[in-house]
Amino acid sequence: MLIRMKFLHSINRLQKTLFSSSFYLHCHHASKTSSQLGFQILSWKVHHQTFATKSSQDHEISVSGKKLISDDFTTATPKILSRVGTNLHNQEGHPLCIIKEQIRDYFYRSSLNKRGNPLFSIYDNLSPVVTVWQNFDSVLVPGDHVSRRKGDNYYLNREFMLRAHTSAHQHELVNSGLDAFLVAGDVYRRDEIDATHFPVFHQMEGVRLFSDFELFEKYPDANLKLFCNDTVRIQEKQEHHTLEAVKLVEFDLKQTLEGLAKYLFGEEIEVRWVVTDFPFTHPSFELEIKFQGEWLEVLGCGIMEQELLHSAGAGHKIGYAFGLGLERLAMVLFNIPDIRLFWSLDPRFINQFKVPDPHKVKFKPFSKFPPVFHDISFWCPDDGFISNDFYDLVRSVAGETAEKVELIDDFLHPKTGRISHCYRITYRSMDKTLTKDEVGLIHSDLTSKCNTLLGVEVRGK
């Protein structure tokens with residue numbers, strides 16, 4: 001017991017030394033914006049039948065080499081399906097690929113096995129078409145959790161969907177016998193329209209597992225173990241985990257990820273840790289950096305739920321997982337102001353990154369064309385309304401000319417109880433000046449489709 005107490009004291013002293021200038025704890029709710037990574041908990045939306053299902057039931061969907069039949073749960077639109085297979089994160093010279101390769105290189109250099117070879121392997125071409133079980137159940141998301149809502153996800157049917165996070169592949173990769181791996185890929189979530197949100201974005205995550213020998217190799221005389229007979233979960237650890245094991249894994253996790261932050265943002269970057277909650281890790285943390293005078297969250301992480309490892313055939317090990325958003329990092333590192341630019345085919349964008357040292361590039365905006373504004377007001381259906389249905393319809397009709405959609409008025413009729421929404425749409429092309437006539441045709445088409453596909457009653461023009 002005395003040896004264990006000395007061991008824990010030494011670990012805590014190491015942590016205080018390493019994180020003394022930046023480490024602090026702060027508990028808060030885990031609901032985040034869609035720009036964050038696989039550890040994100042999606043915000044609550046009211047559930048009802050979406051416009052995609054009203055128009056596409058019992059149709060064949062061909063995506064990523066699979067042929068599926070749509071049903072009453074289908075929410076994926078043709079516009080979204082057309083993005084599958086683009087794989088911006090694998091296109092050489094693209095800023096998302098540059099960030100992915102930087103992260104890969106960090107792990108290749110910093111995490112080596114005893115033979116001097118990279119410990120982590122990378123998987124960046126896994127199909128985004130996954131089962132609902134892979135996306136949710138395999139990472140312990142409860143059946144009634146808000147993140148499963150049709151209004152937040154692109155379901156292909158009741159069995160398949162476009163992955164909402166790269167964590168959907170954790171179970172299969174751990175089950176295959178891997179102890180250290182990185183996953184990068186495109187993920188899909190229904191969301192609002194503005195400069196930082198897009199329904200397709202890219203994540204990268206990592207998993208590292210430890211056997212008792214690997215974790216305690218430096219402490220052969222301490223008689224340390226991974227597991228104990230505790231049955232109560234506390235803030236510091238899960239039931240059945242020993243505190244010694246958790247502290248060692250947590251130390252390795254934080255040291256590794258602080259090193260990544262310094263590798264990406266420079267050695268002088270200030271960091272801090274925030275305690276949070278995720279469905280598939282405990283304890284869980286967010287890493288924030290002090291960037292341009294403000295704290296910015298860059299990733300989520302934690303000690304993997306032992307139940308997850310047990311179900312994947314690795315119940316005799318303990319491990320950590322982390323995840324981050326590539327767009328979020330790229331926008332910060334390269335000063336990219338609009339998330340739509342990642343999908344631009346304009347050579348004035350992509351050519352800025354095709355230089356000998358792209359890591360030092362700061363994006364130089366080219367001509368910004370004038371916006372055209374249109375408002376649309378409608379009575380919502382009596383059986384409910386999901387704003388993401390409207391955003392998806394705007395994207396399907398207007399494409400990337402829709403720069404921003406904001407709710408500017410929300411009215412409840414005092415007598416009838418009907419709800420009216422008024423949205424202001426900012427139309428702006430990144431490639432040319434849009435004429436009022438061009439935008440007028442797009443907006444007229446949107447208005448017509450709102451009536452027929454969303455079941456709303458458009459008010460005036």
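A residue is called buried when its relative accessible area is under 20%, exposed when over 50%, and partly exposed in between, using a 1.4 Å probe and protein chains only. With that in mind, Lys-317 is buried, because its relative accessible area is 14%. The model is predicted, so local features need pLDDT of at least 70 and side-chain atom pairs count only at pLDDT 80 or more, while totals for chains, interfaces and linings use all residues. Residues are numbered from 1 along each chain as its sequence is written, and side-chain values use heavy atoms, with hydrogens and water left out.

Lys-317 also has a charged partner. Its side chain meets that of Asp-179 in a salt bridge, with N and O 2.8 Å apart; such a bridge is a side-chain nitrogen of Lys or Arg within 4 Å of a carboxyl oxygen of Asp or Glu. Asp-179 lies in the loop between α6 (170-175) and β6 (180-188), and Lys-317 in the loop between α9 (306-311) and β11 (318-325), so the pair ties together parts 138 residues apart in sequence. These element names follow DSSP runs, numbered from the N terminus: helices are H or I runs of at least four residues, and strands are E runs of at least two.

The whole structure holds 26 salt bridges. Another of them joins the side chains of Arg-190 and Asp-392, at 2.6 Å from N to O. Here too distant parts of the chain are linked: Arg-190 sits in the loop between β6 and β7 (200-210) and Asp-392 in helix α12, 202 residues apart. Both Arg-190 and Asp-392 are buried. In the salt bridge between Arg-233 and Glu-239, the closest N and O atoms are 2.9 Å apart. Arg-233 is partly exposed at 35% relative accessibility, and Glu-239 is partly exposed at 23%. Salt bridges can also join up into a network, as with Asp-338, Arg-340, Glu-403 and Arg-428.

Arg-328, in helix α10 (residues 326-334), gives a contrasting case. Arg-328 is buried yet has no salt bridge, and the nearest side chain of opposite charge, that of Glu-297, is 5.2 Å away. A polar atom of the Arg-328 side chain does, however, lie 2.6 Å from the backbone oxygen of Glu-297.

Attention now turns to a sheet. Four strands form an open, antiparallel sheet in the order β13-β14-β12-β15, where two strands pair if DSSP finds at least two bridges between them. At the edges are β13 (402-412) and β15, each pairing on one side only. Nine bridges join β13 to β14, and Val-405 has Ile-425 in β14 as its bridge partner.

Strand β12 (residues 372-379) is joined to β14 (residues 419-427) by eight bridges, with Ser-377 partnered by Cys-422. Two bridges pair β12 with β15 (residues 457-458), where Phe-378 stands opposite Val-458.

Technical notes. Lys and Arg count as positive and Asp and Glu as negative; His and the chain ends are not counted. A polar contact is a pair of N or O atoms within 3.5 Å; within protein, one must be able to donate a hydrogen and the other to accept it, and residues adjacent in sequence count only if both atoms are side-chain atoms.
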